[in-house]
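Please open the model in your viewer and follow the selections below, which move through aromatic rings, charges and the surface.

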Amino acid sequence: MSAKAISEQTGKEFLYKYICTAAAVQNRFRYANVTTETDWERLTQEHPWLLTEVRLVVKPDQLIKRRGKLGLVGINLDLPGVQDWVKSRLMKETMVAKAKGVLKNFLIEPFVEHAQSDEFYVCVYAAREGDYILFHHEGGVEVGDVDAKAERLLVPVDDKLSEEQVTEKLLAHVSEEKKGVLASFIVGLFNLYEDLYFTYLEINPLVVTGDGVYVLDMAAKIDATADYICKAKWGDVEFPPPFGREAYPEEAYIADLDAKSGASLKLTLLNPRGRIWTMVAGGGASVVYSDTICDLGGVDELANYGEYSGAPSEQQTYDYAKTILSLITREKHPQGKVLIIGGSIANFTNVAATFKGIVRAIKDYQGPLKEHEVTIFVRRGGPNYQEGLRVMGEVGKTTGIPIHVFGTETHMTAIVGMAMGHRPIPNQPPMDAHTANFLLNAGSPPSSPAPLLLLAHIHFLSPLFATTLFSRHTKSIVWGMQTRAVQGMLDFDYVCSRDEPSVAAMVYPFTGDHKQKFYWGHKEILVPVYKSMDDAMKKHSDVDVLISFASLRSAFDSTMETMQHPQIRTIAIIAEGIPEAQTRKIIKTADEKGVTIIGPATVGGIKPGCFKIGNTGGMLDNILASKLYRPGSVAYVSRSGGMSNELNNIISRTTDGVYEGVAIGGDRYPGSTFMDHVLRYQDTPGVQMIVVLGEIGGTEEYRICQGIGEGRITKPVVCWCIGTCATMFTSEVQFGHAGACANQASETAVAKNQALRDAGAYVPKSFDELGDVIKTVYDGLVANGTIVPAQEVPPPTVPMDYSWARELGLIRKPASFMTSICDERGQELIYAGMPITEVFKEEMGLGGVLGLLWFQRRLPRYACQFIEMCLMVTADHGPAVSGAHNTIVCARAGKDLISCLTSGLLTIGDRFGGALDAAAKQFSKAFDSGMLPMEFVNKMKKDGKLIMGIGHRVKSINNPDMRVQILKDFVKQNFPASQMLDYALNVEKITTSKKPNLILNVDGFIGVAFVDLLRTCGGFTRDEADEFVEIGSLNGIFVLGRSMGFIGHYLDQKRLKQGLYRHPWDDISYVLPEHMSM
């Protein structure tokens, strides 16, 4: 959501910090917070003014309205009086309207002595057209109905406010000596409101005396989506829950998941002891399910409100599901409990993938779920939903948990009635055909539930016609590298028998100009991708639609840039979470330039047979099942993207299909309104009836009432506003959409449904009956001849993408690669089966990670330490060795780090650094064959072979290598056995007796000690240990360790700024053949 209430303390802190005004704002930062944990002595030390102020005011700071009238303000008290006042109320249950809550957070401020005539009321709040300032010269507890009494000034979007405007429009009833102070303060307040992205800011009373301005009581909301803009000024803002509802840690956990995810995850606990729980996909669908539960009498048993949407990953869905399951299984209910896993028909979320996360959670909680007698009801549709439902049904059978599974053949909310015992549960519900049946069937067309119009009977509107946004010739540009969405649009174009693709080009500023490959039916085509919007527009002058997949941070700038090109007439903004102030600027510019905006926070819209925006309508199976490849007679407008796809399903099953459908988006200020589209449909000859799915919040639906009443809308309108449950809750609930919140009685869904009914619209009793009402109206239009049914025209077939066919399990193909050490596909990186968080939690270190990735084992602690010691002692051996020398020469030639490192690594072999493997093999072979050390030495001498790992240029028996000594001490102290090392040391005794520098060097030591480690640590069989030696794993220790030294030499040379190296002549012996004369 966007507009979120903040505490009075937070609001005043913002005001005192950032307001810029000539008026003297008094008592800045003079407030103290009291909770159950407050130490009063420490509080007075932190706020010494508590002891110096003679009189004080205390009040709860928990989003409670009209505290004065409720007797919840302690006025003109001394400090002991404040303590007594708080003590008598702290942690006491209190009723405020219908909400029952506990008082636990209080605010203490200085008492301001003043006259009634010093009190004023001021409020700034946002509206679509701008920001309104309300001012009344009589503030305080008895201010009354300010909407009726107050002076009102609209500051249009992007306009500035002056003191002259304030004085002229608002301060007519204010005495002359206070006008200047008030005008300056109100202008400063308005600028603060804009700069810090407030959406509501009320001060009552605002006291003005000879000393200056006092802000006594304050209520405020800020646009939480502007956090990325205002973070520096806001800091970490806490958003308290509405009074009467506790803040639960599970809600905070889900909010944190939501903040870290591109998907949407919401959870509000209403009654943790309730028996009816929901886990619903989609912001609009989640409201519909809550409505239906409450309509059927379940309001007191509804435990939670929440939703997951926006294609969350399997891990995110698992985390969300396990949180809800843990709550369900906390307390038993005498009647058992029900969990409704519902949702509309997804547009782009892979249902099977998200259900995998839910299934994992159900398996984890199967014991508690059975113990608490939980019955689960599932209804879902969308991409790969059949597989998701199959998996959900299987987990019910294997766990013994009663799980009832339904697809798109079942009305979306029918499972609510089943769960609550109001309708029977079918034994074997009819299942729709699998995705593959639609995409692979080149024979007869899918069966139709109703006779349909021939395409010949449809008049396709000219692109220039005022009432149409899209035609069969519409061309678009897609902003963002959304290849899946673009392919979906092209497939839609193909089944609609369009002559050309609807996507002319893509814009992606983060790459250079190039071409992207897509499919057009059976053949491949190239779509140009431009770095610059200007270039795309110049080269594609026939484009008049932009589909923007820009992120919430870049959507504003890219949209404003697009509107500088007059050829663009329609823009769809998909991103959710754009700050409202930016959206309103987009709307203002669009209105000035005559551009239609769809969104933000939308999936888009669809015009069957012509054009679809992005992922609207879902995958091809849903396009075909809902007959979206050709126009019907019914046009709809909705806020929700998921619910728009549900409307496609309902309308296709009850009528001849959709003519056009638009999801205007769930934000408070959508770019285009319900009425904009209803009027287009009214003026479009092909549309015979209109369906509107409104929702709680805003007053746009009343314009439809007005249009019907005035005769501007004459076509039948079927309308339903979701969110009727809100009036039944005791505390305010913010639903999934940012705009789904009623700020006054007229904005409730109940009030709007009644107004529409009174105006003459067809309004069902509940969403459950929406399809029935649509069918009744449609049948009436067929009966009176307005709609003439005709036979279906089959669409052309489209080949299924390989990736999707594999997802559906229709094909298989050998993998190009196999890996068994690492998996990065899930929520968390996994090393050899161990999540990365566990690696750090267990403090495994570099040696432990190497054990997982190289040996697929969790090695003992001493083994991990030994590996790290080996890396340390092999890290470097000076600049003279060949690898370091090469690295240095390469660095001084100006090459980059990778080139220099590679140059050094290429010298590693049998003569330099590569003796670990060879030493391990030679000593192992000799030891395993039973050869005595002397026999081994004699055999190697007889064969004319060097013993790898024996000998050193500098070190000797008299000048030992301390690296070897350190490792030897560790091995002797920590290894269970060291037979191979002992054997090598006996060989060393023989070789050093002949020559003192023929010692066991560091390469040889590591080689033989590693064999001991592999054979004796208990993690490997003998064959496995030998295999790791054979495949070269030990040389990897030297390569990894010495890479650190090579990089060090590279950085050293760069830091010393050494020039190009040229070898001196006097260090080269030139041996050329003598001159040969003929």
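Select Phe1010 to begin: with a relative accessible area of 0% it is buried, a term that stands for under 20% relative accessible area with a 1.4 Å probe and protein chains only, whereas exposed stands for over 50% and partly exposed for values in between. This is a predicted model, in which local features need pLDDT of at least 70 and side-chain atom pairs count only at pLDDT 80 or more, while totals for chains, interfaces and linings use all residues. Residues are numbered from 1 along each chain as its sequence is written, and side-chain values use heavy atoms, with hydrogens and water left out.

The ring centres of Phe855 and Phe1010 lie 6.2 Å apart with planes at 40°, so the pair is tilted; rings of Phe, Tyr and Trp (its six-membered ring) pair if their centres lie within 6.5 Å, and planes under 30 degrees apart count as stacked, over 60 as edge-to-face and the rest as tilted.

Phe470 is buried at 1%, and Phe611 is buried at 0%.

For a charge over a ring (NZ of Lys or CZ of Arg within 6 Å of the ring centre and within 35 degrees of the ring normal), select Arg360, whose charged end sits over Tyr318, 4.0 Å from the ring centre. Then show Lys4, which lies over the face of Phe239 at 4.9 Å from the ring centre.

Finish at Trp1065, which is exposed at 59% relative accessibility.
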